[in-house]
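Please look over the sequence and the model below before reading on.

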Amino acid sequence: MERLTSCVVTTPDTAGRGRDSHKWVALSNTTIGTLMVTINSSILLIALPDIFRGIKIDPLSPGNTSYFLWVMMSFLIVTSVLVVSLGRVGDMFGRVKMYNLGFAIFTLFSILLAVTWMHGTAAAWWLILMRVGQGVGGSFLFANSSAIITDAFPEHERGFALGVNGVAVIGGSFLGLLIGGVLAPIEWHLVFLVSVPFGIFGTVWAYLKLRDNGVRTPARIDWAGNITFAVGLVAILTGIIYGLQPAGGHTMGWTRPFVLICMVGGLAVLIAFVVIEVRVSDPMFRLQLFRHRGFLMGSLAALLGALSRGGLQFMLIIWLQGIWLPLHGYSFERTPLWAGIYMIPLTVGFLIAGPLAGRLSDRYGARPFATVGLLASAASFGLFDVLPIDFSYWSFALVLGLMGLSMGLFAAPNTSAVMNTLPPAERGAGAGMLNTFQNSAGVLSIGVFFTIIVLGLAASLPDAMFAGLTGQGVPVAKAHELANLPPIGSLFAAFLGYNPSQTLLGPDTLHALDPAKADFLTGQTFFPHLIAGPFGDGLHLAFAFGAATCVLGAILSWLRGRDTPRVRHSRREDAGIGLAGAGEAAALAEGAGAALPATSALSVER
């Protein structure tokens, strides 16, 4: 009997189970990595007021607005620029090595952020530079995680695996809001410290357990392509950041010479980049991948999806923090945390649809799910547009949930379909290209949404503000001055959880007013009622833009063509595989590679 048991241990089937267990190691580790990175990318949205108070900087003063924007967006810009290059490096030198390096870099810069000791502008620059370093580590992780999952899972299971990873991405972005809201008021350094233990654990676990199943492609680094791509994209994204800031008496800075030079010059450099990539022998950006219709249409659909939704989170948070929450009894200081809590239905919708759509797309193909997902997003924009500014929360929550469901329907099937079009030797480069499209479109979307909203505010807010201020006894000269200030300052104040009226009026003006009128101006209803109409005008335009881009993305998604035939299972088998896979992935996340149960996902499949 003992000999028989010994034979069972060494059978090929057992070896196959060992190989099968590695895919759950790969999924669990990459899920922890992407979750950690996305939590850190959104945690600042709630924690920024406490961080700036901690370093003793007023982010709303004219000279400090750039610090606010760079701290908030530098991470996203770095990941937009580097993911393609680092995905290509992963193809050349090993995806797991590059992924492990990213874990270590991200953890190191998290520690450096957590020990920030300076104050003033020195501290602001330190935060920006350390966030750039975090972005480098995050780029290594993002650029190689999808390719590692694709290498580890058979084609008919990739949709589910990428769906779980996608849940971590979207879940992390909203968990960051909650974690930031809880930790930042206690001690702002904790916002950065919270990821350190997970980073250390993930780095060690990846080094010990993660295997490289990918195909390496020996090649030379395309220095000319890397440099021109980085310079061109950084120039355009920098132009977007400075275009959001008022300048020269204008509401926004899009006509500033510096912004125009960045935008036009960046575009010219990117055109030169394309010319270089066509001619070099080992290009960074594999333009020939666009010859495959599935990759081209899937990438364009992802770009348009990100363009439609990248700025949506900011708009909804400002809607909640600047108008709805104060009208419903929440102080401005408490609105950042509660805005994150009230946005939870978006995450819940994605958590429901993400893995399910990934599994179903493995069976029926990605095209119908991805296309319907974008059309449902367009419908969600339409429903947001008909909600009143002072809405019933349950109607808002239902639309949020529908938006989350639609995002989940699109994300995993589209990513799975795009990755399945790539040859094994180019999965890192292809994943990096896809991430670059989405991240760059996200930054552009923030610029577009803010511009649309500010233009709507600029058309009617000055008159409303002048009438409202003078009606409460504010001197005409002061009211005229405040009414003609760029409205984006009021948006940033609401976004950061500051009392906009108190920030604008200042203590001198407030002390000169009748106490009852000063209390009314700085209370929880004056500013929300003042901004509700003008903000609603901008929201209508923003939602129309989001719906139109989703519809266009759905058309391109459908034009990707039919998917290749997939392995089919019964519904019971699909459910068993999905539940077993999710359970094993969770067990591995807790046990860091502990032995799997004898009944694995493949045993269910067989």
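Arg-95 and Asp-151 form a salt bridge in which the closest N and O atoms are 2.5 Å apart, a salt bridge being a side-chain nitrogen of Lys or Arg within 4 Å of a carboxyl oxygen of Asp or Glu. Because Arg-95 belongs to helix α4 and Asp-151 to helix α5, the pair ties together parts that are 56 residues apart in sequence. Both Arg-95 and Asp-151 are buried, where buried means under 20% relative accessible area, exposed means over 50%, and partly exposed lies in between, as found with a 1.4 Å probe on protein chains only.

The model is predicted, so local features need pLDDT of at least 70 and side-chain atom pairs count only at pLDDT 80 or more, whereas totals for chains, interfaces and linings use all residues. Residues are numbered from 1 along each chain as its sequence is written, and side-chain values use heavy atoms, with hydrogens and water left out.

The structure holds 4 salt bridges, including those in the table.

| Salt bridge | N to O distance |
|---|---|
| Arg-95 and Asp-151 | 2.5 Å |
| Glu-157 and Lys-23 | 2.6 Å |
| Asp-50 and Arg-53 | 3.3 Å |

The salt bridge of Glu-157 with Lys-23 links distant parts of the chain, since Glu-157 sits in the loop between α5 (120–152) and α6 (158–186) while Lys-23 is in helix α2 (residues 12–54), 134 residues away. Glu-157 and Lys-23 are both buried. Asp-50 and Arg-53, by contrast, both lie in helix α2, 3 residues apart, which is about one turn of the helix. Asp-50 has a relative accessible area of 18% and is therefore buried. Helices (H or I, at least four residues) and strands (E, at least two) are DSSP runs, numbered from the N terminus.

Helix α4 also takes part in a helix pair. The axes of α4 (residues 95–114) and α8 (residues 196–209) come within 9 Å and cross at roughly 160°, so that α4 is roughly antiparallel to α8. Here the axes are lines fitted to C-alpha atoms, for helices over the stretch in contact, with angles running from 0 to 180 degrees between N-to-C directions; angles under 35 degrees count as roughly parallel, over 145 as roughly antiparallel, 65 to 115 as roughly perpendicular and the rest as oblique.

Which residues of α4 and α8 meet? On the α4 side they are Tyr-99, Asn-100, Phe-103, Ala-104, Thr-107, Ser-110 and Ile-111, and on the α8 side Val-196, Phe-198, Gly-199, Ile-200, Gly-202, Thr-203, Ala-206 and Tyr-207, contact meaning heavy atoms within 4.5 Å. The residues of this contact comprise 9 nonpolar, 6 polar and no charged, with Ala, Val, Leu, Ile, Met, Phe, Trp, Tyr, Cys and Pro counted as nonpolar, Asp, Glu, Lys and Arg as charged, and the others, Gly among them, as polar.

Two single residues deserve a look. Lys-56, in the loop between α2 and α3 (65–93), has a positive phi of about 65° although it is not a glycine, and at 63% relative accessibility Lys-56 counts as exposed. Ser-299, in helix α11 (residues 293–309), counts as buried at 1% relative accessibility; leaving aside residues up to four places away in sequence, Ser-299 touches Val-418, Leu-434 and Phe-437.

Turning to the whole protein, the secondary structure comes to 24 helices and 0 strands, and 59% of the 606 residues count as buried. Among contacts between residues at least 6 apart in sequence, 84% join residues at least 24 apart.
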